[in-house]
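Here's a quick briefing to read with the model open in your viewer. Have a look at the fold yourself, then work through the notes.

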Amino acid sequence: MKLKFKTEKPIESTEVKTDYVCLNGKTLSEQTINDYAQFIPKWNEREEVRDDCYLVSCVQPQNHEHNDDPALGGEPSMIISKGNNHNVVVHCRNYSCPDSVILQYFLSRLIGEEVPMFVKQAPKRELTAEEERRIMEQKNTDRMNKKYNKSLSRWVEANRRSR
Ligand SMILES: [Zn+2]
């Protein structure tokens, strides 16, 4: 019997994408973190994670405990950074804030008009590789945390026994 292997589909070129002209005359893909920053209410309280990467309060505060506001006891959840293929990558750690919603928030403000949900499809294709990488990163972090917690509890257990 011949085994058939599924051939993997070639990854679609990211060149095919929708771009928007924004209020500042630049296209969406030309916007920088600074262009996005004006629409982040708590931008002044940002925490610099590393160069061109900031942790800020989410633009969907209603999805977060304490409005994602440190002043109210919340923990900032949104990361805005410069990506390899994109000037700006925004992502919220909360699953209630999918990238499509975050993007829609910024896009409608950058272009100055309400963006219907079709935006969901366009940037999705553009972001697939990036999203995948982030999901993997998230998974790895979760795994590492679990591993860490496990070895920590083992250590605690061992210490208790040796007493
Ligand atoms: Zn959020």
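What follows covers confidence, the sheet, the core and a few individual residues.

This is a predicted model, in which local features need pLDDT of at least 70, side-chain atom pairs count only at pLDDT 80 or more, and totals for chains, interfaces and linings use all residues. Residue numbers start from 1 along each chain as its sequence is written.

**Confidence**

- The protein chain has a mean pLDDT of 82, where pLDDT is the predictor's confidence in each residue, from 0 to 100.
- Of the chain's residues, 80% reach 70 or more.
- Helix H1 (residues 33-37) has the highest mean pLDDT among the elements, at 97, while helix H3 (residues 121-162) has the lowest, at 70.
- Helices (H or I, at least four residues) and strands (E, at least two) are DSSP runs, numbered from the N terminus.
- Watch residues 119-125, where pLDDT stays under 50; the model has 11 contacts beyond four places in sequence for them.
- A contact here means that two residues have their C-beta atoms, placed from the backbone, within 7 Å.

**The sheet**

- Four strands make up an open sheet, ordered S1-S2-S3-S4, with antiparallel pairing.
- Strand S1 (47-50) and strand S4 (89-92) are the edge strands, each pairing on one side only.
- From one strand to the next, the twist averages 25 degrees; axes are lines fitted to C-alpha atoms, for helices over the stretch in contact, and angles run from 0 to 180 degrees between N-to-C directions.
- Two strands count as paired if DSSP finds at least two bridges between them.
- Three bridges link S1 with strand S2 (residues 53-56) in the antiparallel sense; Glu47 has Leu55 as its bridge partner, and Glu48 sits opposite Tyr54.
- The S1-S2 hairpin has two residues between the strands, and Asp52 takes a positive phi near 55 degrees there.
- S2 and S3 run antiparallel and are joined by four bridges, with Val56 opposite Met78 in S3.

**The core**

- The largest nonpolar core has 16 residues; such a core is a set of buried Ala, Val, Leu, Ile, Met, Phe, Trp, Tyr and Cys residues joined through C-beta atoms within 7 Å.
- Buried means that 20 or more other C-beta atoms lie within 10 Å of a residue's own, exposed means 12 or fewer, and partly exposed is in between, with C-beta atoms placed from the backbone.
- Those with the most contacts inside this core are Tyr36, Cys58, Met78, Ile80, Val88, Val90 and Phe106.
- Strand S3 (78-81), S4 and helix H2 (99-111) each contribute at least two core residues.
- Leaving aside neighbours within four places in sequence, Cys58 contacts several residues, including Asp68, Met78, Cys92 and Cys97.

**Residues to click on**

- Asn67 lies in the loop between S2 and S3 and has a positive phi near 55 degrees despite not being glycine.
- Asn67 counts as partly exposed because it has 18 C-beta neighbours inside 10 Å.
- Asp68 is in the loop between S2 and S3, also without being a glycine, and its phi is positive at about 60 degrees.
- Asp68 has 25 other C-beta atoms within 10 Å, so it is buried.
- Thr32 belongs to the segment before H1 and counts as exposed because it has 12 C-beta neighbours inside 10 Å.
- Thr32 touches Asn87 and Val88, not counting residues up to four places away in sequence.
- Thr32 and Val88 are 56 residues apart along the chain, yet their C-alpha atoms are separated by 5.9 Å.
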